[in-house]
Structure formats: structure tokens, C-alpha cells
Amino acid sequence: MPPPAPPTELLPSERAVVLLSCALSALGSGLLVATHALWPDLRSRARRLLLFLSLADLLSAASYFYGVLQDFSGPSWDCVLQGAVSTFANTSSFFWTVAIALYLYLSIVRAARGPRADRLLWAFHAVSWGVPLTITVAAVSLKKIGYDASDVSVGWCWIDLEAEDRVLWMLLTGKLWEMLAYILLPLLYLLVRKHINRAREALSEYRPILCDTHQLQRRSSSSVADKKLVLIPLIFICLRVWSTVRFVLTLCGSPAVRIPVLVVLHGIGNTFQGGANCIMFVLCTRAVRTRLVSLCCCCCSQPSTQSPVGPPGASVPSKTRDAQEPRQTPEEPPST
């Protein structure tokens, strides 16, 4: 690997954009955690996995926010601490993202249920928390985490570019798992989608028996599920590919690593994963979105409920919808 390039200078506008991305990601991850806490009937196994992914993304966004805010110009104790926290959280996010895809594949294609699925969840915990923690502790103990001149980051600290085996540690603390996710996520979701399409074709001979309304409902819900199965790996790759590009450019010693647009895309891609998950699994999920809107409406109309004036039974439809919602939305992948 060539000698480290000069530090990449972050412009105030670039820092502002990345800080906003961190804040939105933290807000989105917090909203995912809040929906899990508010509505126990939505706590499917897939959404429990999404909860742990959200916790990792929340920790990652907070650590990146501190790093970009500080914009480290040299090694320091808080640089090492921030680099260690972001390394653990970011690597754990990779593992949980792949764990969700693997769980959907095993539960839908391989029909993993009951005790087998519970053992699978424990295995996901051991790997998705244990492996990143082991790698991070080893990197800190061997003094591999430190100032990286923003060539493989955007203001935050990661692997010390003066370390002789820096490429190995860059791979172990993120890039290896990131590139494996590029391969595993599309593959697993493609297998799930093929299985769903085959099952749909096998049931096609029974469709004339169903009423037209029921057919339209099934087609619309399945089309939404199909779109999400495509979007999950696509969004992950679109967000993360920029950090991989800058990693390769750093290995080559190219000055293109300091292109402002590339720096901003890297910053947004590394920090906005929690926000993207919130958009997909909260704002674009009808069951959760309906409950959030209903909750907001209840909070806004709470002061006026003290007066008896108003249309009788105005609050009944929302309660009826809330009572009926779990029956309309079975356990989804993680929820569509």
C-alpha cells in the first residue's frame, strides 16, 4: 500500500450534511425502537431482529456524529474511543443486516419454526454482538484504531493509517464484512423471492375460487412484499458502496479519494442506515404507519376531549382499526 495521502479537508457544508444524516439516522432508529416498545402485538421474530439492528445503527449514528462534530486532526484518547465504538456498532450492523436476510430465508424457504427458530436467534446474538466485540477489543489492545486523516472516513476515527498492517485491520473491522454483505444479501433475498413466486404459481389454480376483492388484496400485499425484498439489498448497497470506493482509492493512493461529492456520499452512506430502515419498516409499512398516525391524532386531539362537543363515536373507528390490525397483518418479513 502506498504511503498515506495528505489529510482530506472537510468543508463546513460537508460536515453539516453528514451531521444531518447522523441525526436523521438516530431519529429513525429511535422511532423503530419506540414502535417495538409501544405495540407488543407487532413483536414478531423478524421485527425483534430489526430492533437489534436499530440499536446498532443508533449507536453507530451517535458515534459518527461525535466524530464528524470533532473533525479530528490528530490522535487522541477520544479519537480512539470514538473509533472503537463506531467500529463495534458498524460491524454489528453488518452482521444484523445479514442475520435478518438469513432468518427470512430459513423461515420462509426452509420453514424454520418453534425451538429451531429460537436457537437461531441465540446464534445471531452470539455472532452479531460477539464477533464485532472481539475484533474491536483486539484492535484497541493492539493500538490499531486511531487517526486516519479522513481518507477512509469522513471526520471520524477508524484504523490508524500509520499502522503497517492497516489493510488487514481495515478488512477485519468492516470492509471484509461489508463486501460479504454485498454478495449474501442479494443472494438470500433472490432465493426468498423465487420461493414466494413458486408458491404463488402453485396456488394459481385456486384463484378463480376466491372472490375478486380478496384477490386484489392478496396481489397488492404481495407486490409490496416483492418490492421490499428487492429494496432491502439495493438500499444497503447504494448506501455502502461509496465507502468501498474510497477504500479502494485509498489503497491505490489516488487523489480522487478527496473529491467532495464522494466524501459527502461516503458520509451519508455510512450514517443513514438507521434512517433508511425507518423509512422502509415504519413509514412504508401500513400497519405501523396507521398506528403512528392514530397515535399522533390522539395526542393532538387530547385537549379537546374534555368538552362533550363533537360527533358521537368519533374515536370508535380508530379503536376498531387498532383491534383489527393484527389480524390483517401476519408476521411479515420483517413487516410489509
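Reply: The structure holds one disulfide, the term standing for a pair of cysteine sulfur atoms within 2.5 Å. This is a predicted model, in which local features need pLDDT of at least 70 and side-chain atom pairs count only at pLDDT 80 or more, while totals for chains, interfaces and linings use all residues. Residues are numbered from 1 along each chain as its sequence is written, and side-chain values use heavy atoms, with hydrogens and water left out.

The disulfide is formed by Cys 79 and Cys 157, whose sulfur atoms lie 1.9 Å apart. Because the torsion about their S-S bond is about -115°, the disulfide is left-handed. The pair links distant parts of the chain, 78 residues apart, with Cys 79 in helix H3 (residues 77-109) and Cys 157 in the loop between strand S1 (145-146) and strand S2 (158-159); helices (H or I, at least four residues) and strands (E, at least two) are DSSP runs, numbered from the N terminus.

Both Cys 79 and Cys 157 are buried, where buried means under 20% relative accessible area, exposed over 50%, and partly exposed in between (1.4 Å probe, protein chains only). Cys 296, by contrast, counts as partly exposed because its relative accessibility is 47%, and Cys 297 is likewise partly exposed, at 44%.

Another cysteine, Cys 22, belongs to helix H1 and is among its buried residues, which also include Glu 14, Val 18, Ser 25 and Leu 32. What covers the buried residues of H1 includes helix H2 (45-70), helix H7 (260-271), helix H8 (273-283) and helix H9 (286-301).

Terms used: Contact = heavy atoms within 4.5 Å.
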